[in-house]
Amino acid sequence: MELLVDTTLGHRHILLAVVSSCLFWFSYYNILCLRSPSHSYEWHCRVVTLTHAVVVTLMSFVFGMYFNPWLFTDPGGPNTVYEVLTLVLCLGYFLFDFMWCLWFWGQESSLMLLHHVLSITALVVSLSYGISGTEVNGVIFGSEVSNPLLQFRWFMRETGHTGTWYYEVNDFLFMLTFFVCRTCIGTYFLYTHFFHPRPSKFFKIGGIAMYLVSWCFMVGILNFAFYKYSKLYREWKEKRRALNSDIKKTNGSTKLLDSAIEKHDVANGNVEKYD
C-alpha cells in the first residue's frame, strides 16, 4: 500500500492539532469528574490513562503493521499522516497527564515524571522536524501495550479484588508483557535503530534514555515479582506441611482407634475375625 507522507501539514496546523488533543483529554477527564464525583481524582485520571493506552496501542499497531515503514529496517524517514495522527493524540495526552502530575504533586514517582519528559520531548521533535515517526510510533506501542493491564491492576486493588484468580492472572500478564516488549523486543529494536545510518543522533540518544528508564521500571517489577512469588511459595510450603501434619495425625488417630477396638474385641472373646 502506498504510504501517505505528511507534506501538507505545517507547524501551525500541527500545533493546533496538539492543543485540540490536549483539550480533548482534559475535557474527558473533567466530564468523568462531574459525572462521578464519588470517585477520586486519581480514579478519573486512570480512566483517561486506560482509554489513551487502548486507543494508541491499537493505532500504533495497525498503522505500524499495515501503513508505515517497518520500524526495524526503515527508521528515520519522513512522517506519514498516520504517524502524525498517532503522535498528536499521544502528545496531547502526555501534556495533560504531565500537568496533572505536577498539580497533584507526589502522586507519581520522579522516574515516571522523567519518562513523561522524555516522551514529550521525542514527540515534539518528531512532529516539529517531520521525521522518525516510525520508530517513535513503535516505542509508543511497546510502552503502552502493557499499560491497560497496569490500570486494571490498580482498579482491582481499589475495589477489593486483590487475591482473586483474575487479579493474579492480570499481574502475571502485566509483568510478562512488560518484560517481553520493553526489554526483549526493546533491546533488539535499540540495536537495529542505533546502528542504522538514517536516524539522527538525537533520536538515537533519546532511544537509549528511554531504554534505561524502561530498565529502571523493569528492575522494580523484578524485585516485586521476586518478593511476591517467594512469599506465595513459602505460604504454599507451609500449607503443604500443615496438610501433611494433619494427615499424619489423622492416620495416627485411626491406628489408635483400630488398636482400641481390637483390644475390646479380644477382651470380649471376638478374636476369630482377627485370625
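In this predicted model, helix H1 (residues 11-35) and helix H2 (residues 41-67) have axes that come within 9 Å and cross at roughly 135°. The two helices are therefore oblique to each other, since an angle has to be over 145 degrees to count as roughly antiparallel, and the crossing that H1 and H2 make is right-handed. On the H1 side the residues that take part are Trp25, Tyr28, Tyr29, Leu32 and Cys33, and they meet Tyr41, His44, Cys45, Val47, Val48, Thr51 and His52 in H2.

A second helix pair can be read in the same terms, because two packed helices are described by the angle between their axes and the distance between the axes. Helix H3 (residues 81-103) packs with H5 at an angle of about 50°, and their axes lie 10 Å apart. That angle makes H3 oblique to H5, and the crossing in which H3 passes H5 is left-handed, whereas that of H1 and H2 is right-handed. From H3, the residues Glu83, Thr86, Leu87, Cys90 and Phe94 meet Gly133, Thr134, Val136, Asn137, Ile140 and Glu144 of H5.

Most residues other than glycine have a negative phi, yet Ser132, which is not a glycine, has a positive phi of about 60°. Is this residue, Ser132, buried or exposed? Its relative accessibility is 1%, and because buried means under 20%, Ser132 counts as buried.

Turning to the chain as a whole, the secondary structure comprises eight helices and zero strands, so that, in the order α-α-α-α-α-α-α-α, the elements follow one another from the N terminus on. Of the contacts between residues at least 6 apart in sequence, 76% join residues that are at least 24 apart. Among the 275 residues of the chain, 40% count as buried, and the accessible surface comes to about 16,600 Å², with 68% of this area belonging to carbon and sulfur atoms.

The confidence of the prediction should be kept in view throughout. The chain averages a pLDDT of 86, and 86% of its residues score at least 70. Over residues 1-8, however, pLDDT stays under 50, although the model has 17 contacts beyond four places in sequence for this stretch. Where pLDDT is low, the predicted coordinates should not be read in detail.

Key. Residues numbered from 1 in each chain as written. Predicted model: local features only at pLDDT ≥ 70, side-chain atom pairs only at ≥ 80, totals over all residues. Heavy atoms only, no water. Buried < 20%, exposed > 50% of the residue type's maximum accessible area, 1.4 Å probe, protein only. Helix = DSSP H or I, 4+ residues; strand = E, 2+ residues; numbered from the N terminus. Contact = heavy atoms within 4.5 Å. Areas by Shrake-Rupley, 256 points an atom, 1.4 Å probe, with all protein chains shown as cover. pLDDT = per-residue confidence, 0-100. Axes fitted to C-alpha atoms, helices over the stretch in contact; angles between N-to-C directions. Parallel < 35°, antiparallel > 145°, perpendicular 65-115°, else oblique. Left-handed = near helix turned anticlockwise from the far one by under 90°.
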